[in-house]
Amino acid sequence: MIEIKNTNVLEWVKECAELTNPDSIMWIDGSEEQLEALRAEACATGEMIKLNQEKLPGCYYYRTHPRDVARDEKRTVICTTYQKDAGPTNNWVQKDEMYDKMRPLFKDSMKGRTMYAIPFSMGVPGTEFAKIGIELTDSIYVVLSMHIMTRVGDSVIKLLNEGAEFTKCLHSKAQIDAENKYIAHFPEDNTIWSINSAYGGNVLLGKKCFALRIGSWLGREEGWMAEHMLILCIESPTGEKKYISAAFPSACGKTNLAMLIPPKELEGYKVWTVGDDIAWLRIGPDGRLYAINPEAGFFGVAPGTSADSNKNALISAEKNTIFTNCALTEDGDVWWEGIGYPAKGNLVDWKGQTRPAFPKDKAPKGEEMAHPNARFTAPAKQCPCIASDWESPEGVPI
């Protein structure tokens, strides 16, 4: 039983509950017993599907609304008092204007639902690099995914009860209304609001929202950087290690590079994964640049991921993984275009329609069995090439 003693936390949760009007509030402690009960509930209501547990132990399937399948950059906004503080590449809305627009959308949005309160840490709880957040949501999918992507548990609650500051994250899937979907960041208030989406990056508010957008603001204020960068370690045949951080746009190969298997021409070399998407970097006491991966999981694009393109990612997602908008096979497995082997028989596509697999798996554009942005959400610790020091409190030297 969670006991929250931090009055700032309690007052904020009360304020959000009065706005969204849930039937009840459940605090998430990260225990397997609680998570298993939520998995069972999500499967009973149809929110999620339990996959073939012999092939994919601990794995589940989640399908979003056809108009809610990706991050919506046009409706992702930075809300500050003055536009100059929003950064040159972001969409800006004046913060008071955005609060006024979103409050009516949140009003009673959780009526008839449970509000789940998720205390989480980006980075290892209690370390210098780590930051704490609390996400309030009406989605079990968010609870289960945040448990994979962040650190959730007693250690975070202990820090909150000791008075730790936290980023305030409020999400409601509401009506999943594409015309009233907003993912808004209020860095001056250390706050994130997301409404009318139930898809990954829009609702797992520890990811791009906190780790990059709010993180960039916190980094500017505190003297560090939050960057869209992988972190990997190259080990030479003699055991020498070099850590590299590299920036690439979304969906162009960061995860594949971070989990690279050296070719036979480089026999004896090893590549170890520290992070595949986001890096928090700062200058250490020795004057060197150090980096951590603030996340605890991988939110990878499934289509095109195969044993040839990224065997390590496939192994990472063999258990305890949530698959989103992939195709389902007749025996309860998942499939997507570019997985490396043909589908057999009928498939249930990402829209929930049962169709025969296309010959040679070459579906016409727009008729793919898996959505091109289908995802797997897998624990980083399951990656066979995860670096032994990927959770080093001081980070790794770049």
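Which residue of β25 does Y290 stand opposite? Y290 stands opposite P397. That pair gives a way into the model, which is a predicted one.

β17 covers residues 289–292, and β17 and β25 pair in the antiparallel sense over 2 bridges. Both strands sit in an open sheet of 4 strands, in which the order is β12-β16-β17-β25 and the pairing is antiparallel. The edges of this sheet are taken by β12 (225–227) and β25 (396–397); each has a single partner strand, so one side of each is left without a neighbour in the sheet.

Another open sheet is built from 5 strands. Its order reads β2-β3-β19-β24-β18, and its pairing is mixed. The edge strands here are β2, residues 48–50, and β18, residues 297–301, each of which pairs on one side only. From one strand to the next, the twist averages 20°.

F298 has A378 of β24 as its bridge partner. Although β18 is an edge strand, 4 of its 5 residues are buried, and the strand is mostly covered.

Next comes a helix, α1, which spans residues 7–20. Its 14 residues reach 20 Å from the first C-alpha to the last, close to the 20 Å expected at 1.5 Å a residue. The buried residues of α1 are V9, W12, V13, C16, A17, L19 and T20. Viewed down the axis of α1, these buried residues fall within an arc of 160°, so they line one face of the helix. The face turned away from that buried side carries E11, K14, E15 and E18, which are exposed.

Both ends of α1 have a local feature to inspect. At the start of the helix, a side-chain oxygen of N6 comes to within 2.9 Å of the backbone nitrogen of N8. Just after the helix, N21 takes a positive phi of about 60°.

A174, which is not a glycine, has a positive phi of about 45°. A174 lies in the loop between β9 (167–172) and β10 (182–186). Its relative accessibility is 6%, so A174 counts as buried, the cut-off for that term being under 20%. N190 is likewise not a glycine, and its phi is positive at about 50°. N190 is found in the loop between β10 and β11 (191–195). With a relative accessibility of 16%, N190 also counts as buried.

How many aromatic pairs does a search of the whole structure find? The search finds 11. In one of them, the ring centres of Y99 and F186 are 3.9 Å apart and the ring planes lie at 5°, so the pair is stacked. The pair links distant parts of the chain, with Y99 in helix α3 (residues 95–106) and F186 in strand β10, 87 residues apart. Both Y99 and F186 are buried. These two residues also belong to one aromatic cluster, which they form together with F106 and W193.

The last stop is S197, in the loop between β11 and α6 (200–203). Is S197 buried or exposed? At 0% relative accessibility, S197 counts as buried. The S197 side chain makes a polar contact with the side chain of D68, at 2.7 Å.

Terms used: Residues are numbered from 1 along each chain as its sequence is written. This is a predicted model: local features need pLDDT of at least 70, side-chain atom pairs count only at pLDDT 80 or more; totals for chains, interfaces and linings use all residues. Side-chain values use heavy atoms; hydrogens and water are left out. Two strands pair if DSSP finds at least two bridges between them. Axes are lines fitted to C-alpha atoms, for helices over the stretch in contact, and angles run from 0 to 180 degrees between N-to-C directions. The expected span of a helix is 1.5 Å times one less than its number of residues. Buried means under 20% relative accessible area, exposed over 50%, partly exposed in between (1.4 Å probe, protein chains only). The arc is that of the directions from the helix axis to the C-beta atoms. A polar contact is a pair of N or O atoms within 3.5 Å; within protein, one must be able to donate a hydrogen and the other to accept it, and residues adjacent in sequence count only if both atoms are side-chain atoms. Rings of Phe, Tyr and Trp (its six-membered ring) pair if their centres lie within 6.5 Å; planes under 30 degrees apart count as stacked, over 60 as edge-to-face and the rest as tilted.
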